[in-house]
Amino acid sequence: MSATARREGHTALVHTAAASNLGQMLNRLLSQQGQAIINVVRKPAQVELLGKLGAAHVLDSSTEDFDERLRALTAELGASLLLDAVGGEMTGRVLGAMPDGSVARVYGMLSSAPCQLDPNDLVFRGKKAEGFTMYEWLKTTSLLGQMRAVGKVQRLVSDVLATRVQYKSSLEDHEQALSMALAKSSDGKVLFVP
């Protein structure tokens with residue numbers, strides 16, 4: 001990710017749903033590689049969680065000054081890449097706060113709503129939005145490139161890309177496990193074990 005962002009000229013990025021397991025992994029990876037990341041979350045508890053994990057820039061989208069703070073921080077860091085897992089109005093809200101020429105790469109739709117973008121950003125500010133899936137990446141990446149990526153992931157999976165598990169459950173206890181997963185998804189995954 002970091003190499004791709006640098007190759008495309010992005011010196012810093014914004015990530016939505018940043019308290020998720022993937023968001024936490026991304027923080028560890030980019031921090032290790034010295035790249036700045038602005039984390040967007042939706043609850044004060046998630047700000048606290050990422051702060052404890054060492055994230056330098058965490059913004060709560062539910063605060064009144066979110067848009068103003070995001071605009072100032074993207075300008076200060078030169079954040080020109082958005083990795084968006086949320087979709088809906090959040091895509092346009094964040095992209096709108098970013099510098100001219102920024103790119104929104106949407107890879108999820110946690111909001112279950114279509115992305116909302118301001119045409120002024122696209123037409124007059126040179127911004128763009130595109131989708132990303134692993135399936136498309138596989139189609140456009142050589143076998144050697146895929147093997148290199150798998151090798152990198154394997155080297156990082158035990159620490160930087162480790163998945164946190166908050167609860168292990170038997171299938172008989174599925175109601176409790178599902179309840180926990182829905183209530184505290186940023187605390188870690190729920191793992192079913194035989």
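The side chains of Arg105 and Glu130 meet in a salt bridge, with N and O 2.7 Å apart, where a salt bridge is a side-chain nitrogen of Lys or Arg within 4 Å of a carboxyl oxygen of Asp or Glu. Arg105 lies in strand S5 and Glu130 in strand S6, so the pair ties together parts that are 25 residues apart in sequence. This is a predicted model, in which local features need pLDDT of at least 70 and side-chain atom pairs count only at pLDDT 80 or more, while totals for chains, interfaces and linings use all residues. Residues are numbered from 1 along each chain as its sequence is written, and side-chain values use heavy atoms, with hydrogens and water left out.

**Confidence**
- The protein averages a pLDDT (the predictor's confidence in each residue, from 0 to 100) of 87, and 91% of the residues score at least 70.
- Confidence is lowest in helix H1 (residues 2-7), at a mean of 70, and highest in strand S3 (residues 57-60), at 98; helices (H or I, at least four residues) and strands (E, at least two) are DSSP runs, numbered from the N terminus.

**Salt bridges around Arg105**
- Arg105 also forms a salt bridge with Glu8, the closest N and O atoms being 3.1 Å apart.
- Because Arg105 lies in strand S5 (residues 103-106) and Glu8 in the loop between H1 and S1, this pair ties together parts that are 97 residues apart in sequence.
- Arg105 is buried, at a relative accessible area of 13%, whereas Glu8 at 38% and Glu130 at 28% are partly exposed (buried means under 20% relative accessible area, exposed over 50%, partly exposed in between, with a 1.4 Å probe and protein chains only).

**A second pair**
- Asp121 forms a salt bridge with Lys127, with the closest N and O atoms 3.6 Å apart; Asp121 is buried at 6% relative accessibility, and Lys127 is buried at 3%.

**Strand S1 and its partners**
- Five of the five residues of strand S1 (residues 12-16) are buried, so S1 is largely enclosed by the rest of the structure.
- S1 pairs in the parallel sense with strand S2 (residues 36-41) over five bridges and with strand S4 (residues 79-84) over four bridges, two strands being paired if DSSP finds at least two bridges between them.
- Val14 stands opposite Ile38 in S2, and the bridge partner of Leu13 in S4 is Leu81.

**Helix H5**
- Eight of the ten residues of helix H5 (residues 88-97) are buried, so H5 is largely enclosed by the rest of the structure; the buried residues include Met90, Val94 and Leu95.
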